[in-house]
Amino acid sequence: MRIRRGVNKLNKKTNFLDIRNQTETSADIYIYGAIRDDNWNWGGEDDSDVYPLEIKKQLDSVKGKNLTVYVNSDGGHVFAGVAIANMLKRHDGYTKAVVDGIAASIATQIVFSCDELEIPSNAYLMIHKPAGGAWGDANELRKTADALDVIQQGLISLYMEKVHEGIAEETIIKMVDSETWLTGRQVAEIFKVNVTEPFEAVAYAGDLSHFKNVPAAIKNCVEPKKNKNEEKQREIDIALALI
């Protein structure tokens, strides 16, 4: 779901990771697309993915400035998202995240890493359990499950930094376990966020088919976009499995 904010600031020639409206003291950053590890970055004009190294370059160019980080992402790779979140936490200026449409999965770590979070009442946030593939014997599979549990605890720790007083960790764990989708107003009932009036929504060019509980309102606004990197990554995964 992409949100129009007055004049549409994105067009076909605009990168999905972009810096706009720079002044001497502030800048806007747009993170529109899936969050991917840097080894996915094969380039190409149709690549709408967002990579940690690209974020680092952008942040290095706006050191000391206050940032507004506009996000519209269905998530992606856990460690890539965590890396971006930590970069934003370290940024030496005030940071405000704005969910323009969807902040799902690891993208929630990015928006919650900012000093302030703003979300329109008709935008969405989704939290769920981290997932990953595994190959090997029973011991290896158990190690992967244990690792996912550790990763989940790390993700929950950031959520707990942003909840209202009185919200128990068990509540957040249950939400994560059940893949919970929240509108902007529902987010504000649990987390410290600013809710704004809704903006006109247009289709989100992403793939939400791997999620279980996608609200009907989002499904109706999705434009599936095939990512050419998917096939290349499958080839890499197969090669690694054969090592």
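## Asn 66 and strand 4

The backbone nitrogen of Tyr 94 lies 2.9 Å from a polar atom of the Asn 66 side chain. This and everything below refers to a predicted model. Asn 66 is part of strand 4, and its C-alpha is 8.2 Å from that of Asp 92, a residue 26 places away in sequence. Leaving aside neighbours within four places in sequence, Asn 66 is in contact with Thr 25, Ser 26, Ala 27, Gly 93 and Tyr 94. With a relative accessibility of 38%, Asn 66 counts as partly exposed.

Ser 73 also belongs to strand 4, which runs over residues 66-73. Ser 73 has a relative accessible area of 0%, so it counts as buried. Its side chain reaches the backbone nitrogen of Gly 75 at 3.0 Å.

## The chain overall

The secondary structure comes to 8 helices and 10 strands. Of the 243 residues in the chain, 45% count as buried. The accessible surface is about 12700 Å², and 51% of that area belongs to carbon and sulfur atoms. When contacts between residues at least 6 apart in sequence are taken, 68% of them join residues at least 24 apart.

## Helix 2

The end C-alpha atoms of helix 2 are 18 Å apart; this agrees with expectation, because 13 residues at 1.5 Å a residue should span 18 Å. Buried positions in this helix are Val 78, Ala 80, Gly 81, Ile 84, Ala 85, Met 87 and Leu 88. These buried residues pack against helix 1 (52-60), strand 4, strand 5 (95-104), helix 3 and helix 4.

## Helix 4

Helix 4 covers residues 138-162, 25 residues in number. From first to last C-alpha it reaches 37 Å, close to the 36 Å expected at 1.5 Å a residue. At its start, a side-chain oxygen of Asp 137 comes to within 3.1 Å of the backbone nitrogen of Asn 139.

The buried residues of helix 4 are Gln 152, Leu 155, Ile 156, Leu 158, Tyr 159 and Lys 162. Their cover includes helix 2 (78-90), helix 3 (107-112), strand 7 (124-127), helix 5 (169-177) and helix 6 (184-190).

## Strand 7 and its partners

Strand 7 is covered on both faces: Tyr 124 and Met 126 are buried on one side, and Leu 125 and Ile 127 are buried on the other. Strand 7 pairs with strand 5 in the parallel sense over 3 bridges, and with strand 8 (residues 180-183) in the antiparallel sense over 4 bridges.

Leu 125 takes part in both pairings: it is the bridge partner of Ala 103, and its own bridge partner in strand 8 is Leu 182.

In soluble globular proteins, nonpolar side chains tend to be buried together. Here the largest nonpolar core has 44 residues, and those with the most contacts inside it are Ile 31, Ile 35, Val 111, Phe 112, Ile 172 and Phe 191. Helix 2 supplies the largest share of this core, 5 residues. Apart from this core lies another, of 7 residues, among them Ile 102, Ala 104, Tyr 124 and Phe 211.

Phe 191 touches Phe 112, Tyr 159, Lys 162, Val 163, His 164, Ile 172 and Leu 182, not counting residues up to four places away in sequence.

Notes
Residues are numbered from 1 along each chain as its sequence is written. This is a predicted model: local features need pLDDT of at least 70, side-chain atom pairs count only at pLDDT 80 or more; totals for chains, interfaces and linings use all residues. Side-chain values use heavy atoms; hydrogens and water are left out. Helices (H or I, at least four residues) and strands (E, at least two) are DSSP runs, numbered from the N terminus. The expected span of a helix is 1.5 Å times one less than its number of residues. Buried means under 20% relative accessible area, exposed over 50%, partly exposed in between (1.4 Å probe, protein chains only). Contact means heavy atoms within 4.5 Å. A polar contact is a pair of N or O atoms within 3.5 Å; within protein, one must be able to donate a hydrogen and the other to accept it, and residues adjacent in sequence count only if both atoms are side-chain atoms. A nonpolar core is a set of buried Ala, Val, Leu, Ile, Met, Phe, Trp, Tyr and Cys residues joined through side-chain atoms within 4.5 Å. Accessible areas come from the Shrake-Rupley method with a 1.4 Å probe; for residues, only the protein chains shown count as cover. Two strands pair if DSSP finds at least two bridges between them.
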